[in-house]
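Have the sequence and the 3D view side by side as you read.

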Amino acid sequence: MRGAVLYGPRDVRFEEREVPKIINPTDAVIRISSACVCGSDLWPYRGIQPIAQPTPMGHEYCGIVEEVGSAVQSVKRGQFVIGSFFASDNVCPTCRIGYQSSCQHRELVGGAQAPVLRVPLADGTLVATPDLPSEDLIPSLLTLSDVMGTGWFAADAANVKPGSTVAVVGDGAVGLLGILSAKQMGAARIIAMSRHASRQKLAREFGATDIVTERGDEGVARIKELTNGIGADSVLEYVGTQESMMQAITSTRPGGHVGSELLTCPL
Ligand SMILES: [Zn+2]
Ligand SMILES: [Zn+2]
């Protein structure tokens with residue numbers, strides 16, 4: 001089979017690779033239906049994060065189970081599954097409190113930009129859909145492999161509750177899905193911090209009630225203005241710089257919560 005391999009800055013090759021096989025009894029091998037490029041793939045691609053050796057790319061994936069190891073119980077051959085970028089056992093103490101991305105036995109999944117992928121710890125990592133989804137549903141299901149899960153995680157960590165006021169710092173893919181998550185969790189008011197017209201439009205579609213274009217101190221002042229001088233109950237931070245984290249913290253009301261994607265990000 002052929003797959004994408006990163007050799008160094010701006011050097012991605014689509015080349016012959018060995019077809020993955022079951023190695024451990026807890027593995028599954030899946031045929032990829034869809035995979036995508038993550039924002040975090042761009043760090044080594046741009047040379048900001050060095051890589052030691054040629055690295056198969058892709059950690060966001062969904063597909064059909066082809067084979068499972070002898071210990072796998074929760075998924076079976078022929079099922080459509082979505083997997084996380086960190087393989088996790090889902091039974092260790094860290095998984096049990098809901099931090100599967102920090103599982104004590106976690107393994108980073110890689111090499112999904114290829115037709116076939118080996119997924120370790122398949123019972124804890126893969127989730128099967130009840131039926132085979134239609135083609136048009138697959139791109140949406142693919143988001144659950146990383147961006148939607150990451151967006152949801154920060155909203156959950158920031159304690160978003162029905163009726164709460166939420167501010168979202170960052171309007172990239174994960175930030176926009178953070179807005180969608182907050183909406184699903186029942187937030188009454190969602191303030192999106194965004195400067196791009198096309199993303200503001202999506203933000204509103206996903207549930208944003210207000211848009212703030214200012215950044216830094218001015219952005220914080222605008223959020224205070226919109227929340228009777230108090231700040232938001234929950235602030236979701238999806239940029240990952242010190243400046244954006246400070247903006248998130250100072251936009252939060254006393255006793256409020258900040259959730260950050262950095263707690264779950266793979267790189
Ligand atoms: Zn990703
Ligand atoms: Zn675990």
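1. The buried residues of helix 9 pack against strand 11 (165-169), helix 8 (216-226), strand 14 (232-237) and strand 15 (252-260). Helices (H or I, at least four residues) and strands (E, at least two) are DSSP runs, numbered from the N terminus. This is a predicted model: local features need pLDDT of at least 70, side-chain atom pairs count only at pLDDT 80 or more, and totals for chains, interfaces and linings use all residues. Residues are numbered from 1 along each chain as its sequence is written, with chains lettered from A and ligands numbered from 1 in the order in which they are written.

2. Helix 9 itself spans residues 242-251, and Q247, A248 and S251 are buried there (20 or more other C-beta atoms within 10 Å of a residue's own, C-beta atoms being placed from the backbone). Those buried residues line one face of the helix, because they fall within an arc of 100° seen down its axis, taking directions from the helix axis to the C-beta atoms.

3. Next, look at V168, which sits in strand 11. V168 is buried, with 34 other C-beta atoms within 10 Å. Beyond four places in sequence, its contacts (C-beta atoms within 7 Å) include I179, I190, A192 and L236.

4. The largest nonpolar core has 38 residues, and V166, V168, I179 and L236 touch the most other members. Such a core is a set of buried Ala, Val, Leu, Ile, Met, Phe, Trp, Tyr and Cys residues joined through C-beta atoms within 7 Å. Apart from this core lies another, of 32 residues, among them Y61 and V75.

Definitions and conventions. Buried ≥ 20, exposed ≤ 12 C-beta atoms within 10 Å, placed from the backbone. Contact = placed C-beta atoms within 7 Å.
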